[in-house]
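I opened a new page to keep track of what I looked up. The entries are in the order in which I went through the topics.

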Amino acid sequence: MNKTSLLALATFILSMGGAFAAGPHIYANSFAAHNITAIQHSVMTTAMQTFEGTAAAALGGRANIIKHNDPDARYLYGTTPMYGWPRLYGEYGDDGTVQQTGRNGGDTVSMDMTMETRDPRPVLNSAWINWQHIDDDVKFHDIDGLDTDTDLIMFGLAGGESQRGIGISEWGIFGGYIGGGQTNSFIDMSENGGYVGLYGGYNVHNFNLSVAANAGALYNSAETEYGIDEFANMWAGVAMNATFNIALDNTFTIQPGVYAGYTWIGSADYISMSGDAIANANYNMFEIAPEIRAIKHVGRGWFGYINFKYAFVMGTPGDVWVNGTLYDELTTRDYAEYGIGIEKSIDRFNVGLQINRRDGGRAGWNGSVNLKYIF
């Protein structure tokens with residue numbers, strides 16, 4: 001065998017070795033990027049729904065003041081606590097006299113007073129904290145799925161309520177921590193990161209439009225049979241959510257809506273412990289999720305709701321090169337999410353609990369607890 005044949009054989013053996021090494025672990029960055037897309041959905045929808053108000057707020061515009069002599073029943077003012085609170089709308093005694101002034105109704109002001117004089121608004125109107133746990137089986141085309149376990153801790157501040165044209169606007173800031181992991185038979189990934197964001201909302205009667213933008217980073221550690229690969233992702237995203245309240249009666253509202261979001265995810269290039277040079281293109285992901293919620297005052301200050309949404313996931317999921325060879329993109333499918341929630345306001349606090357189920361491209365359970373304080 002001459003030198004040329006030996007060189008050709010050696011090249012073939014090396015190339016085959018590289019091909020054998022280039023197993024499913026080469027998609028570690030893709031796994032993380034797809035998870036960021038799902039995390040973005042949870043973060044943005046939670047932030048916008050929390051800033052928009054409580055589930056009770058969808059009923060509040062039709063609340064009727066109900067007088068109670070029983071001090072233990074004072075939370076039943078109106079059909080919602082939020083719109084029955086004296087500090088917001090004033091309170092009347094049985095003889096019709098004003099017992100406590102508020103922003104509306106009970107205020108005793110002359111018509112020529114300015115808004116600033118008669119309706120002082122705090123710089124901040126609420127603060128909230130939210131915890132979510134997500135346990136999903138993420139399904140990909142032509143590759144084993146991943147059991148994804150994620151915790152999100154979020155916080156936010158809202159303020160700046162002011163009259164803008166025929167509606168009311170407000171702003172908010174939010175941020176949070178991400179911790180979790182993804183695992184299957186060939187990879188075990190841990191993920192930790194965080195994000196910050198801005199929110200703006202506008203409400204006109206029964207219509208509410210919310211927009212949000214955020215940016216974050218995720219540090220990933222992927223353990224495979226070859227060792228541990230470490231890399232990081234950065235991302236930036238924008239989203240909007242539009243809802244409309246359709247009153248069926250004083251205690252029941254149907255709320256159709258639609259969520260739309262875009263996320264840019266910066267991908268990482270690195271040398272894997274298998275010896276492969278892995279290069280990843282950036283991701284550009286779009287998501288549209290129509291949703292419908294049914295909100296009900298179930299009695300004694302408790303509110304419940306059920307919701308259903310279908311998330312269409314689109315975009316460019318990022319090419320993967322291994323040692324200069326282009327591999328197929330890793331794609332997943334759309335998914336449905338449906339669930340129930342309960343909520344109660346106690347004085348200035350609002351507490352909510354929600355449990356959801358996902359099926360389709362992501363299958364599993366998620367739940368959240370939310371605590372909101374209104375100044």
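**Entry 1, ground rules.** I noted that this is a predicted model, in which local features need pLDDT of at least 70, side-chain atom pairs count only at pLDDT 80 or more, and totals for chains, interfaces and linings use all residues. Residues are numbered from 1 along each chain as its sequence is written, and side-chain values use heavy atoms, with hydrogens and water left out.

**Entry 2, β3 and β4.** I looked up strands first; helices (H or I, at least four residues) and strands (E, at least two) are DSSP runs, numbered from the N terminus. Two strands pair if DSSP finds at least two bridges between them. I found β3 and β4 running antiparallel, joined by 15 bridges. H133 stands opposite D151 in β4. The hairpin of these two strands has two residues between them, and D142 there takes a positive phi near 65°.

I then followed β4 to strand β5, residues 167-183; 16 bridges join them, and they run antiparallel. I153 has Y177 in β5 as its bridge partner. This hairpin also has two residues between its strands, and G165 in the turn has a positive phi of about 65°.

Which residues form the negative surface patch? I listed D135, D137, D147 and D149. β3 (124-140) and β4 (143-164) are the elements that give two or more residues to this patch. Like charges are joined within 9 Å. I checked D135, which lies in strand β3. D135 is partly exposed, with a relative accessible area of 34%; buried means under 20%, exposed over 50%, and partly exposed in between (1.4 Å probe, protein chains only).

I looked up the order of a four-stranded open sheet and wrote down β11-β12-β15-β16, with antiparallel pairing. Its edge strands are β11 (270-271) and β16 (325-327), each of which pairs on one side only. β11 and β12 (residues 277-280) pair over two bridges. Y270 has I278 in β12 as its bridge partner.

Notes:
Patches are made of residues with over 30% relative accessible area and no salt bridge: like charges are joined within 9 Å, nonpolar side chains (Val, Leu, Ile, Met, Phe, Trp, Tyr) within 5 Å. Accessible areas come from the Shrake-Rupley method with a 1.4 Å probe; for residues, only the protein chains shown count as cover. A salt bridge is a side-chain nitrogen of Lys or Arg within 4 Å of a carboxyl oxygen of Asp or Glu. Lys and Arg count as positive and Asp and Glu as negative; His and the chain ends are not counted. The place of a charge is taken as NZ of Lys, CZ of Arg, CG of Asp or CD of Glu.
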